[in-house]
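Biologist: I am new to this structure. Could we go through it together, one topic at a time?

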Amino acid sequence: FEAPILPIVELLNGDPRFVTTSTCSGRISIFASASADEANPAGLPASGHGKGGAGGWLLASHEAVAPGTVWRALSESAGRPGQSSTAALKHEPAILHVRC
C-alpha cells in the first residue's frame, strides 16, 4: 500500500536515473506464535510466518489503528482457554528500494 508515500515514489520514478523496485508505506502488526512447549494452538491458523509456521496474524494494517483495535486483537487471543502464546507487536516504517 503506497498512498502515504506516493509523492516520493512519483518523484523518484519521474527521474530517469531512478526506479523504485519495491515500496511499502509501513505497517503495524501483531503476530501470535505458540509457546515453545505447545503445538499450534487451535484458533491460531498455521502460517508460513514465524518460526515453525505455528501462529497467526492478530492484526496487520498499513494505516493508523486506534488503541482499541490493538487491545481487541490481543484480548481475543488471550481469551482462548487452555492456550498460551506470545504476541509480537511491530511498527515497521516505510521502506523504498530504489535502483539507481
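This is a predicted model: local features need pLDDT of at least 70, side-chain atom pairs count only at pLDDT 80 or more; totals for chains, interfaces and linings use all residues.

Biologist: Which residues of α2 are buried, then?

Modeller: V70, A73 and S77 are the buried residues of α2. They share one side of the helix, because the arc they cover around the axis is only 65°.

Biologist: How many residues does α2 have, and how far does it reach?

Modeller: Helix α2 has twelve residues, 67-78. From its first C-alpha to its last it reaches 17 Å, close to the 16 Å expected at 1.5 Å a residue.

Biologist: What is V70 in contact with, apart from its neighbours within four places in sequence?

Modeller: Those contacts of V70 are I28, I30, L59 and V65.

Biologist: And which residues make up the largest nonpolar core?

Modeller: That core has five residues in all: I28, I30, L59, V70 and A73. At least two residues of this core come from β2, and at least two from α2.

Biologist: Let us step back. What pattern does the protein chain follow along the sequence?

Modeller: The pattern is α-β-β-β-α-β-β. The protein chain therefore counts two helices and five strands, these being DSSP runs.

Biologist: What share of the residues counts as buried?

Modeller: The protein chain has 100 residues, and 28% of them count as buried.

Biologist: And what about contacts between residues at least 6 apart in sequence: what share joins residues at least 24 apart?

Modeller: Among those contacts in the protein chain, 66% join residues at least 24 apart.

Biologist: Changing topic: how many aromatic pairs does a search of the whole structure find?

Modeller: The search finds one aromatic pair. It is formed by F31 and W57, whose ring centres are 5.1 Å apart. Their planes stand at 75°, so the pair is edge-to-face.

Biologist: Where do F31 and W57 lie?

Modeller: F31 belongs to strand β2 (residues 27-34), and W57 belongs to strand β3 (residues 55-61). The pair therefore ties together parts that are 26 residues apart in sequence.

Biologist: Is F31 buried or exposed?

Modeller: F31 is buried, its relative accessible area being 11%. W57 is partly exposed, with a relative accessible area of 34%.

Biologist: Now the charged residues. How many salt bridges does the structure hold?

Modeller: The structure holds two salt bridges. In one of them D15 pairs with R17, and the closest N and O atoms are 2.8 Å apart.

Biologist: Is D15 buried or exposed?

Modeller: D15 is buried, with a relative accessible area of 18%. R17 counts as exposed, at 56% relative accessibility.

Biologist: Which residue forms a salt bridge with R27?

Modeller: R27 forms a salt bridge with E92, and their closest N and O atoms are 2.6 Å apart. This pair links distant parts of the chain, since R27 is in strand β2 and E92 is in strand β4 (residues 85-92), 65 residues apart.

Biologist: What is the relative accessibility of R27?

Modeller: R27 has 27% relative accessibility and counts as partly exposed. E92 is partly exposed as well, with a relative accessible area of 24%.

Technical notes. Residues are numbered from 1 along each chain as its sequence is written. Side-chain values use heavy atoms; hydrogens and water are left out. Helices (H or I, at least four residues) and strands (E, at least two) are DSSP runs, numbered from the N terminus. The expected span of a helix is 1.5 Å times one less than its number of residues. Buried means under 20% relative accessible area, exposed over 50%, partly exposed in between (1.4 Å probe, protein chains only). The arc is that of the directions from the helix axis to the C-beta atoms. Rings of Phe, Tyr and Trp (its six-membered ring) pair if their centres lie within 6.5 Å; planes under 30 degrees apart count as stacked, over 60 as edge-to-face and the rest as tilted. A salt bridge is a side-chain nitrogen of Lys or Arg within 4 Å of a carboxyl oxygen of Asp or Glu. A nonpolar core is a set of buried Ala, Val, Leu, Ile, Met, Phe, Trp, Tyr and Cys residues joined through side-chain atoms within 4.5 Å. Contact means heavy atoms within 4.5 Å.
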